[in-house]
Structures are given as C-alpha cells and as structure tokens.
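Hello,

Here is the structure I promised to hand over. Please open it first, then read my notes below.

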Amino acid sequence: MNRRFSWFNATSLTLGFVFLYLPMIILIIFSFNSSKLVTVWAGFSTKWYGELLGNKAFLDAAWVTLKVAVLSSTLATVLGTMAAYVLVRAGRFAGRTLFSGMIYAPLVMPEVITGLAMLLLFISIGMDRGVSTIVLAHTTFTMCYVSVVVSSRLVTFDKSLEEAALDLGCTPFDAFRSVTLPIIAPAVISGWLLAFTLSLDDLVIASFAAGPSSTTLPMKIFSSVRLGVSPEINALSTLMIGIVTVGVITASLVSKRSIARQRAEEQAAARA
Amino acid sequence: MAQPANRPVFAPWNDPAEKPLIRFQNVTKKFGEFVAIDDLTLDIFRREFFALLGPSGCGKTTLMRMLAGFEAPTSGTILLDGVDIAPIPPNKRATNMMFQSYALFPHLTVWDNIAFGLKRSDMPKDRIPARVEEMLRLVRLEKFAKRKPHQISGGQRQRVALARSLAKAPKLLLLDEPLGALDKKLRQDTQFELMDIQEKTGTTFVIVTHDQEEAMTVASRVAVMDHGKMIQVDTPDRIYESPNSVYVADFIGDVNIVEGAARPNGDKYAIAWAEGQPEIAATSADTIAPGTKVHFAIRPEKVAIASERPEGRANVIEGTVSDIAYLGNISTYKVEVAGGRMIKAQVANERRLARRDITWDDKVWLSFTDTAGIVLQQ
C-alpha cells in the first residue's frame, strides 16, 4: 500500500467492513456474556456454550439440518451435473433453449413462491411432510445453482478430451466417469458446497416443506428469537460463523496452493 | 546403409491387385445446408503415409473425423478393410487419433495416459506395463513416465500423444494437424521422427495439415482438397511437378501463371500470351484444341535469369527487374515483362551477395525449356 491509498480509499474500506462485520462482531462478543440479558455486558463467560450442548431441541434441529443439507446437496449435485452436461454437450436439440431457460428460472424465483408451490405439490400427492419433503424442496431450488457452476466449467472444457477417451475404447459413460468427471471435479465439489450452504441456511422454503417433527436449525432460531433473543442463540450463531469461516479459509487455501503448485510445475516444464 | 539396386518402389496405388485399407465410396457429408464433403471417392492403402492438404474449411478435418467415428457420412459408404464402418462406434474402431490439441488427460501421468487405451482393450493386464515401456522408448520419454502433462514441454506432450495413439497398434492412425503447435525448428525434426516411427511400426498414417511443406515432407501421397472435393491425389513430386489444375499449382509452392491461347505446333503447343511477344513453346500430354484458353504454369526455380540474351533456349522473354527478395540460400527476382505482367525467377545464391550482377531496374532475359512448365486447361 502506497500513496494511492488515499483517505477516500481508507474510508470506503472501513465503511464497507464495518457494515459487513459489525453485527457479527457484536453477536460474537455477546455470546461470551455472563448475563442473561443480551444487551447488557456483565463479564466474560462460556456458560451459554455449555447450556447449548444440553439443549436437546437445538441439537435435534441441528441434526435435521445437517441431514437435509447433506442429502439435498448430494441429490442436487447429481441432477444439476447431469442437466449441465446435457445443456453444454448435447448440441442443439428441440426445446434446448426452453430447457436452459427453465433450469435457471428458480435462481430468480422468489423463495416464497417456490416454497408455496412445493407445499401444494406435497399436499396434492398426499406426501407426509417431514425430512424427506425438505430434502426434495431443497434439491429443487439448489439444483440450478449446481448446474450453473458445473456448466460454466464444462463450457471451457476441451471436448477433444472426451473424444480421445472414446477413441481409446471408452464407452460414453466410461469416458464421462474416467475423464470428464475427474477434470470437472473441482466445479462439482464447489457446486455441492454451494448447495450445502444454501440448504443449511434456508428458512423460507424449509418452513413450507417441513412437518411438525422436522424443524431445521434456521427455523428453530427464528422461532426462538420471536420469543426473545437468548444468549444461547448467540453462542450457536458464533459456532456456525466459526465453522463457515474455517471451511471457507480451508477451501481457498487448498485451491490457492494447488494453483500455485501447478503454475510452478508449468514454469519448470517450460524451462526444461 | 546401402540399398539394393532393385529395391521395390512403394506404390500400392499403381497395383490393381492391391486391396485398399480404406475406401471412400461416393461419400457426402452435409452440416445442415453446408456441404462439407461432396461425393468423394478415394482409396488409401496399407502402410501409406497419406496427407490431406487444403485450406481451412475444405473438409479435410471432417473426412478424418468420419474415419474416427465422430461424424457419420450423410450418404455413401466408408470401408475399412472391406467392412462398412458406419455402424461401428468410435470406441470399437481399429483406428486411433492424435488430436490437434493433443487431448492428453491432465489428471493422469504420462504412463497412465499411454496405458489408458490398453486398459480398455482385451490385452491381458500383465502385458500392459511392457507395452507402455515399449511406447515410452519409441518416443524417448522413459524419464518422464511419472510426470503429469502440464509438467512436460510442448514437444514432449506431442510425443506422449503420439505414443498414446500408437499404443493399441491401430490399423490406422489419424493425425489432426499434429505439429501445428510446435515451432518451426522442432516441427521439422518431428516430421522426420514421425516418418521414422511410421516406418518402424508399419502403421497406416493419415495426416491432416494445411502446411504444404509438411505434407510434401512426410507423405507417400498427398490429397489436395477444396470445398469438399479431391482436386488431386498424387505423390508429392507429381503434385508439385504435374499439378492437374491452377488451384493445385497455386496451392503447392510458388508458381508463375501465364494466361494465353494455345495452338498445336508440331508435337508441341504454342501459347500466345501477349501481343508482339514470341509465343511460349510448351509440351503437354493432353490434346488441346486450337484456340483453347489455357494457363501456363511454371515454377520460379525453373526460370533462368541472365543479363545477356541466352542462346539455344526454347523460350526467352525480355523484362526489367522490379523487385528482389533475398532469402539467404536463394533469391527471387520479380521481373516485369510485356503487358505489365510479373514473372518470378528463383536463383540459388551460389555466390556471395556482393558479387551479384543483376540489380533493380536492370534489363534481363528470362529463359526456360519447353518441358519446364505445364499447360493447364482448368
């Protein structure tokens, strides 16, 4: 940072970061508050974390959320990857434009509408609402995100790699499994992570699709807060922030390191 | 190594008893309205190094992709060893392809890239390592077996791609612009290496290229294509010395084309090309009707240039030097002759430049024999 770092830049940067992180920092600080009153500081304590671990309702909700997120993101990744593959690879078939428009529509669809539509569907086919309906609903709305991520990778994918695999004796499925999939794996994994995160923090669609025995964590937090914010929720939120932060930092470190290594190796090869 | 004097010439295309490895029979390929291959009939023989040459969009890549199985002909049949290959998918064909981009699998090592096809063939598992080692030795990459494609240089990648496509010992190897990504020096070395490998393995090679020099260097026969049609299929020397059309003459190497009207003159033809100038005397194997408009094509290196009028030459044309291109080993003189027409003459620089006696705006005499050029009717 040199003289280009003017007072204007400094102010924008500070404002931006304050805006983004002040609420979270307050939340984290108060999760260590020993007082039951959320807004009055009464000294440092970790007792709310202890109480959280004893709160069965929260733990159950967390377990439901995790189950839903893992199942729905996996299902969405399979379906989304298949859809992306067809859209990018199958060339021009009748209805391709319609199909590609329709797969991206849920990206801009208000969640309330998606949720309501799912609810109506489940009622009309007489499906009992529970974990399975939340999984289905989440798969529906996260699948298009996966498909966007994967298709953007497939577009830049050298098609002759697949042709080479066929030429060397692969069946089309074998070519996909042993050549295409390993190469697009980073995109598939980030698609899965995206779907997982979206499912993890979804409140609206889950509220429509959930039954009495299947409350997700966001639903639980939301309903508890309506009765007043308890320090336990601060503690829970802090834990979630921690997990997400560690995940994001690990992912970016891993990808950065692999890019750096690849670049170094390419330079070494060019010199050789 | 001394060759026996009676070494048989490799020319199966002249032997009516020889069965072709590949036969295109009236093959047409359309993409929508666009005709990529237009009613094409062609035989390629075993152990040939066959080059498809033409400008981009002439259909040469489509032809190759039909052999590999990535495109199906719209009409007509392609026979490989007498069997129609249309219903056979690419993974079941006895052909392998070397891609222009090499298409090496980036997530696999050099060793695994070469073994990729073998693992999917009926070769017993315990024999695969030996075959991979053999291929690595063939392309001199034994030391790089454990590297990934991005850890080796462009020339090495090209050799891995070649080894991978040869590993399954295909009946036919297709090479799509295989040397396009290499720089000129490396390309020339690799051309000889390719010929060497082709000879060693005895595989039939079909190479697609837009580089005429490359086609001439490596191929046993060259096919010049344009707009989905074969213009001429012949050995490199015949393509160069006896092109069958202005298109081929112009596409391969440098050429002077002079238009004129031909008339028979004894066993030769005389071509009137400019008023007040002596007619060009030329021979032709074809019969040409008197008054036919023809193109007389002659290569610049077959035109001699002199500052004095030469004696005893069949054709002598007077002109003025308009431009000189010095290329080191040779110089090309652009000479303006009657009617503002330019004729190029090429001279090997056997002397040092300082002793060159012809320079700009000099009056010179161009001369050539009556068999040096060729009379083209199309």
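Two strands pair if DSSP finds at least two bridges between them. Helices (H or I, at least four residues) and strands (E, at least two) are DSSP runs, numbered from the N terminus. Keep both in mind for what follows.

This is a predicted model: local features need pLDDT of at least 70, side-chain atom pairs count only at pLDDT 80 or more, and totals for chains, interfaces and linings use all residues. Residues are numbered from 1 along each chain as its sequence is written, while chains are lettered from A and ligands numbered from 1 in the order in which they are written.

**Confidence**

pLDDT is the predictor's confidence in each residue, from 0 to 100. Chain B has a mean pLDDT of 90. In chain B, 97% of the residues reach 70 or more. Among the elements of chain B, α2(B) has the highest mean, 96. Helix α5 (residues 184-201) of chain B has the lowest, 88. Be careful with residues 1-5 of chain B, where the pLDDT is below 50. Beyond near neighbours in sequence, this stretch has 0 contacts in the model. Where pLDDT is low, the predicted coordinates should not be read in detail. For the complex, the predictor gives an ipTM of 0.84 and a pTM of 0.81.

**Chain B overall**

Chain B has 8 helices and 20 strands. Its C-alpha trace spans about 80 × 50 × 50 Å along the principal axes. A residue is buried if 20 or more other C-beta atoms lie within 10 Å of its own, exposed if 12 or fewer, and partly exposed in between; C-beta atoms are placed from the backbone. By that rule, 38% of the 378 residues of chain B count as buried.

Two residues are in contact if their C-beta atoms, placed from the backbone, lie within 7 Å. Take the contacts in chain B with a separation of 6 or more: residues 24 or more positions apart account for 64% of them.

**Two domains**

Chain B is divided into domain 1 (12-247) and domain 2 (257-376). These bounds come from an automatic or database domain assignment. The domain centres, taken over C-alpha atoms, are 39 Å apart. In chain B, 4 residues of domain 1 are in contact with 5 residues of domain 2. The domain 1 side of that contact has 2 nonpolar, 2 polar and no charged residues. Here Ala, Val, Leu, Ile, Met, Phe, Trp, Tyr, Cys and Pro count as nonpolar, Asp, Glu, Lys and Arg as charged, and the others, Gly among them, as polar.

Is strand β3 (residues 49-53) of chain B mostly covered or mostly uncovered? It is mostly covered: 5 of its 5 residues are buried. On one side are Phe49(B), Ala51(B) and Leu53(B), and on the other Phe50(B) and Leu52(B). In a regular strand the side chains alternate between the two faces of the sheet.

β3(B) pairs in the parallel sense with strand β8 (residues 204-209) of chain B, over 5 bridges. There, Phe49(B) has Phe205(B) as its bridge partner. β3(B) also pairs in the parallel sense with strand β9 (residues 221-226) of chain B, over 4 bridges. Ala51(B) stands opposite Val222(B) in β9(B).

A nonpolar core is a set of buried Ala, Val, Leu, Ile, Met, Phe, Trp, Tyr and Cys residues joined through C-beta atoms within 7 Å. The largest one has 100 residues. Ala51(B) is one of the five that touch the most other members, along with Leu67(B), Ala163(B), Leu174(B) and Val206(B). This core draws at least three residues from each of domain 1 and domain 2 of chain B.

**An open sheet**

Four strands of chain B form an open sheet in the order β2-β1-β4-β5, with antiparallel pairing. β2 (34-44) and β5 (83-84) of chain B stand at the edges with a single partner strand each, so one side of each is left without a neighbour in the sheet. Strand β1 (residues 22-31) and strand β4 (residues 75-80) of chain B pair over 5 bridges. Arg23(B) stands opposite Leu79(B) in β4(B).

**Where the chains meet**

The contact takes 20 residues from chain B and 21 residues from chain A. β6 (95-98) and α2 (110-119) of chain B each supply at least two residues of the chain B side. That side divides into 10 nonpolar, 9 polar and 1 charged.

Best wishes
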